[in-house]
Amino acid sequence: MANQSTGLIRIIKAAGYSAKGIKAAWQNEAAFRQEAVTAIFAIITAFSLDISLIERLLLIGSAMLVIIVEILNSAIEAVVDRIGSEYHELSGRAKDMGSAAVLLTIILALFTWGTILWSHFMR
């Protein structure tokens, strides 16, 4: 059934669905909790550093990107698990690709943080 809400009501409902998604990720996904806590510390650290606005945005953005990709990976895993518990090559591939996306995002975040911190503190 199509959503008939428009305007502000639609935005409010969408915000509620988003909050439910974040709550579900926090309650059901240990990796999400670990990455969220790490992101909170990373964001606090980014605000405490004497760096440019662009560098701060890159640090915060890379930390948030890890959280975003983890939520997408968790969504893929939930859908695959909903379909069935028996092994299927495509189900395994979907889960592995989601996990690979998280890993590559973490590598990107570490590279971003390492590059910016190196350029400021190892001159």
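Ala, Val, Leu, Ile, Met, Phe, Trp, Tyr, Cys and Pro count here as nonpolar, Asp, Glu, Lys and Arg as charged, and the others, Gly among them, as polar. This is a predicted model, in which local features need pLDDT of at least 70, side-chain atom pairs count only at pLDDT 80 or more, and totals for chains, interfaces and linings use all residues. Residues are numbered from 1 along each chain as its sequence is written, and side-chain values use heavy atoms, with hydrogens and water left out.

View 1. Helices (H or I, at least four residues) and strands (E, at least two) are DSSP runs, numbered from the N terminus. The C-alpha trace spans about 55 × 40 × 20 Å along its principal axes. The radius of gyration, taken over C-alpha atoms, is 18 Å, while a compact globule of 123 residues would have one near 14 Å (the globule rule is 2.2 Å times the number of residues to the power 0.38).

**View 2. Here α1 (residues 7-28) packs against α2.** Their axes lie 5 Å apart, at an angle of about 105 degrees, which means that α1 is roughly perpendicular to α2. Axes are lines fitted to C-alpha atoms, for helices over the stretch in contact, and angles run from 0 to 180 degrees between N-to-C directions. Angles under 35 degrees count as roughly parallel, over 145 as roughly antiparallel, 65 to 115 as roughly perpendicular and the rest as oblique. From α1, I22, A25, W26, Q27 and N28 meet A30, F32, R33, A36 and V37 of α2 (contact means heavy atoms within 4.5 Å). This contact has 7 nonpolar, 2 polar and 1 charged residues.

**View 3. Here α3 meets α4.** The two axes come within 9 Å and cross at roughly 170 degrees, so α3 is roughly antiparallel to α4. Their contact counts 15 nonpolar, 9 polar and 5 charged residues.

**View 4. The largest pocket holds about 230 Å³ of space.** Its lining takes at least two residues from each of α2 (30-48), α3 (53-83) and α4 (89-121), with the largest share, 5 residues, coming from α2. Among the lining residues, look for E35, F41, I67 and W113. By class, the lining has 10 nonpolar, 1 polar and 1 charged residues. On a 1 Å grid over the protein atoms alone, a pocket is an open set of points where a 1.4 Å probe fits, with protein on both sides within 12 Å along at least five of seven lines, and lining residues have an atom within 4 Å of a point. Grid points are joined across faces, edges and corners, and a volume is the space filled by probe spheres set on the points.
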